[in-house]
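Have a look at it, then read on.

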Amino acid sequence: MSEFTIRHESQPDPYEVLASAKDLLGHFGVEEDPAEEPEQFVAAIKQLDPRYQGERIESRQALEKDERDWSPETVEVINRTAQALRMVVFDEEGRPGHIETPLVGHYDAVIALGGARRSNLDRTRYAVDCLKDPNTTFNHLIVAGSGRPLRDGEQETETYAPGAQDQFDLCVGAAKLVARENPGLTVSVSYTAKEKAGTPDVLATVLADLQKSEIAQYGESSIAAITTQIYQVSTRMDLERVAKRFGITDVYVAGNPSDPELVAKRTPATYLSEIVRTLKAAVMLIESENE
């Protein structure tokens, strides 16, 4: 990894996100208009996603072994779009650098989103680390995940969740370790039973649980989530869309820097898949705003 660091604090709107991908969509021949033909647009970009093989969905880890013969032009437009969407940043020599969206402000609750491998621990630790900034505070820290079984390559978790079988096991392991590392800090966990639960499902579960509790007075609540930077923009739009259903408008998503070893394993397929996910999130947010 390069030594430079890029820090973002602004949150791009869905129209800016779609504009960032204009060249990529043209390169792949996507002609559907996301504003006029949202369903057709989402169907078209789904065909670009390297994770979808017929009805089977490849894991993100499988994309690290992608051996497709991408043309230089395709790699260039994928990388340029990924950088515009704040997934990665390159120096003048093409080396990736650190990129993050720090947690800034006061929040009633911060949700560290579950993932695979070390991401649960990294995101939860990042939330605590952001408290070193005097301008950052939060009342509650929640590690949230689902019952999705771990695939091959997702169980590199012996340091904090030995024997983990599903994503929620990783969340529990991360919460326990971070609580031990920070005496006096309460770290809660939230469980979404659906094995195929996506980020919006997990967020909805947490917000529904919070609404039933005395943790926050809804209508004036501020909620933040933490994910790895490559997913930050898409997760920000997911959170805004889901939070509106609960009457919450003050939301923010922080993105912790990716592990340099994982960045080195990423391929054009990795970035293209996440670009598709981000564009879909943008369209869904626009649709929700128009309802």
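Q: How do the residues lining the largest cavity divide into nonpolar, polar and charged?
A: This is a predicted model, where local features need pLDDT of at least 70, side-chain atom pairs count only at pLDDT 80 or more, and totals for chains, interfaces and linings use all residues. Residues are numbered from 1 along each chain as its sequence is written, and side-chain values use heavy atoms, with hydrogens and water left out. Ala, Val, Leu, Ile, Met, Phe, Trp, Tyr, Cys and Pro count as nonpolar, Asp, Glu, Lys and Arg as charged, and the others, Gly among them, as polar. On that basis the lining splits into 9 nonpolar, 4 polar and 1 charged.

Q: Which lining residues lie nearest the centre of the largest cavity?
A: A cavity is a set of points on a 1 Å grid over the protein atoms alone where a 1.4 Å probe fits but cannot get out, and lining residues have an atom within 4 Å of a point. The largest cavity holds about 70 Å³ of space. Of its 14 lining residues, those nearest the centre are Gly97, Ile99, Ser258, Val263 and Arg266.

Q: How many disulfides does a search of the whole structure find?
A: A disulfide needs a pair of cysteine sulfur atoms within 2.5 Å. Cys130 can't make one because its sulfur is 18 Å from the closest cysteine sulfur, the one in Cys171. Cys130 counts as buried at 8% relative accessibility, and Cys171 does too, at 0%. The search turns up 0.

Q: Which helix supplies the largest share of the lining of the second largest pocket?
A: A pocket is an open set of grid points with protein on both sides within 12 Å along at least five of seven lines. This one is lined by 17 residues, with Glu100 and Tyr126 among those nearest its centre. The lining divides into 6 nonpolar, 3 polar and 8 charged. The largest share, 4 residues, comes from helix α6.

Definitions and conventions:
Points joined across faces, edges and corners; volume = space filled by probe spheres on them. Buried < 20%, exposed > 50% of the residue type's maximum accessible area, 1.4 Å probe, protein only. Helix = DSSP H or I, 4+ residues; strand = E, 2+ residues; numbered from the N terminus.
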